[in-house]
Amino acid sequence: MGLQENLLNEPVRQLALREAITTSPDLPLREVIQRMREKGLGCVLVVDAEAKPIGMFTEAMLRHLLVENRAALDHKVGQEMANIFPWVELTDPISTVLDAMQTKRHRFVAVVDADGKVAGLTGQKGVMEYIADHFPQHVLTQRAGAEPPLSEREGA
Amino acid sequence: MSEQPYQDPREFQDPLENYDAPEYADALEKNLMEQRVSDLRTQPFISIGPELTVREALATLVGEDIACATVVEDGRLVGLFSDRDALERVALEYDDVCDKPVREVMTKEPLFVREDDSPAAALCVMAGAGYRFVPVLGADDRVTGLLNPPRLGDFLQAHFDGA
């Protein structure tokens, strides 16, 4: 089966889902930022008492707050989160994530189980890793630079 | 004028006789390997100088509605400044760092690809090394573009449709 068919047929659960950072809406934003740093994740899911997602806060939203409303860093995350955010179920096809990423330009997509509870997080990185895993011998052995090449030839 | 020694054509050995051309499972895989980064959409992108203050650099990201800028000094790439840098080194220290040069908080020596590298190389930086933004350098080492997952995704989708 080719990659395109896999994207259309394989479920989201086949992606290497990341463990989502979840929080109640009452957590102060500064503590949320600290958690994002500790986990190296650019997104937090705000959940209700049943662990169902009710909002999302991302590092892109943080960028705007830093420039336009720094006082908001003293607010609770529930005051600054996005109430509308992308989510998919574990059983949805992976192409739904790609669609959210390409059509709506979302970077993060919440993943929920059949009960609507948070099961993980995916998005641009998850899809890129999935595609790379299809061609590991080609993709993961590619040269990538960190320094410009030598300006003079080495050796004889 | 020197004479080439005579070689019997029957003794000629093709140096590429053991070469096997790469085989690809589908058109997408072939395009990922055989097209060039220069075939992807890598622009627009914004460059800033390393002496710009953190406050100004953040304002640039917000003003341009972008998540990353390349940091260029004397025409050469010296770093990237992105949302992740703001999260990790600015957000909780804003008052201490806002007037410092962005070079102090940027990501230094970022991985890059060249215009004639394959799209797979850019995918390697994103999926393998875990960097979201991949600067593109021309033959003269100057930044000519910036790749991110949506731009690479555009390429993938275009070739899905054509597959």
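Q: Why is the pair Arg63(A) and Asp83(B) called a salt bridge?
A: In this predicted model, the closest N and O atoms of Arg63(A) and Asp83(B) are 2.7 Å apart. The cut-off is 4 Å between a side-chain nitrogen of Lys or Arg and a carboxyl oxygen of Asp or Glu, so the pair counts as a salt bridge.

Q: What makes this a pair that crosses between chains?
A: Arg63(A) sits in helix H3 (residues 59–68) of chain A, and Asp83(B) in helix H3 of chain B.

Q: Why are Arg63(A) and Asp83(B) called buried?
A: Buried means under 20% relative accessible area. Arg63(A) has 5% relative accessibility, so Arg63(A) is buried. Asp83(B) has a relative accessible area of 2% and is therefore buried too.

Q: How do you know that Arg103(B) and Glu73(B) form a salt bridge, and what does the pair tie together?
A: Their side chains meet at 2.9 Å, N to O, and the limit is 4 Å.

Q: Why are Arg103(B) and Glu73(B) called partly exposed?
A: The label applies between 20% and 50%. Arg103(B) has 27% relative accessibility and so falls in that range. Glu73(B), with a relative accessible area of 30%, is therefore partly exposed as well.

Q: Why does the pair Arg89(B) and Glu88(B) count as a salt bridge?
A: The N to O distance is 3.7 Å. The limit is 4 Å, so the pair counts. Arg89(B) is partly exposed at 30% relative accessibility, and Glu88(B) is partly exposed with a relative accessible area of 31%.

Q: What makes Glu59(A), Arg107(A), Arg84(B) and Arg132(B) one network?
A: Salt bridges that share partners join these residues. Over all chains, a search of the whole structure finds 19 salt bridges.

Q: How many salt bridges are there between chain B and chain A?
A: The count is six. One salt bridge joins the side chains of Glu93(B) and Arg37(A) at 2.7 Å, N to O. There are also ten residue pairs in polar contact between chain B and chain A, both residues being at pLDDT 80 or more.

Q: Which helices of chain B supply the side that touches chain A?
A: Helix H1 (27–34), helix H2 (54–64), helix H3 (83–89), helix H5 (119–128) and helix H6 (149–162) of chain B each give at least two residues to that side. By class, the side has 32 nonpolar, five polar and 16 charged residues.

Q: How many residues take part in the contact, and what area do the chains bury?
A: Chain B gives 53 residues and chain A gives 46 residues. Between them the two chains bury about 4,200 Å², with 62% of this on carbon and sulfur atoms.

Q: Why is the peptide bond between Gln43(B) and Pro44(B) called cis?
A: Its omega is about 0°. Pro44(B) is placed in the loop between H1 and strand E1 (47–48) of chain B. Most peptide bonds are trans.

Q: What makes the phi of Ala51(A) and Glu109(B) worth a remark?
A: Most residues other than glycine have a negative phi. Ala51(A) has a positive phi of about 65°, and Glu109(B) has a positive phi of about 45°. Ala51(A) is in the loop between strand E2 (43–47) and strand E3 (53–58) of chain A. Glu109(B) is in the loop between strand E4 (107–108) and strand E5 (113–114) of chain B.

Q: How confident is the predictor in chain B?
A: Chain B averages a pLDDT of 90, and 96% of the residues score at least 70. Confidence in chain B is lowest in H6(B), at a mean of 81, and highest in E1(B), at 98. The model scores ipTM 0.86 and pTM 0.87.

Methods: Residues are numbered from 1 along each chain as its sequence is written. Chains are lettered from A and ligands numbered from 1 in the order in which they are written. Side-chain values use heavy atoms; hydrogens and water are left out. Contact means heavy atoms within 4.5 Å. Buried area is the accessible area (1.4 Å probe) that two parts lose on being put together, summed over both. A polar contact is a pair of N or O atoms within 3.5 Å; within protein, one must be able to donate a hydrogen and the other to accept it, and residues adjacent in sequence count only if both atoms are side-chain atoms. Helices (H or I, at least four residues) and strands (E, at least two) are DSSP runs, numbered from the N terminus. Ala, Val, Leu, Ile, Met, Phe, Trp, Tyr, Cys and Pro count as nonpolar, Asp, Glu, Lys and Arg as charged, and the others, Gly among them, as polar. pLDDT is the predictor's confidence in each residue, from 0 to 100. Buried means under 20% relative accessible area, exposed over 50%, partly exposed in between (1.4 Å probe, protein chains only).
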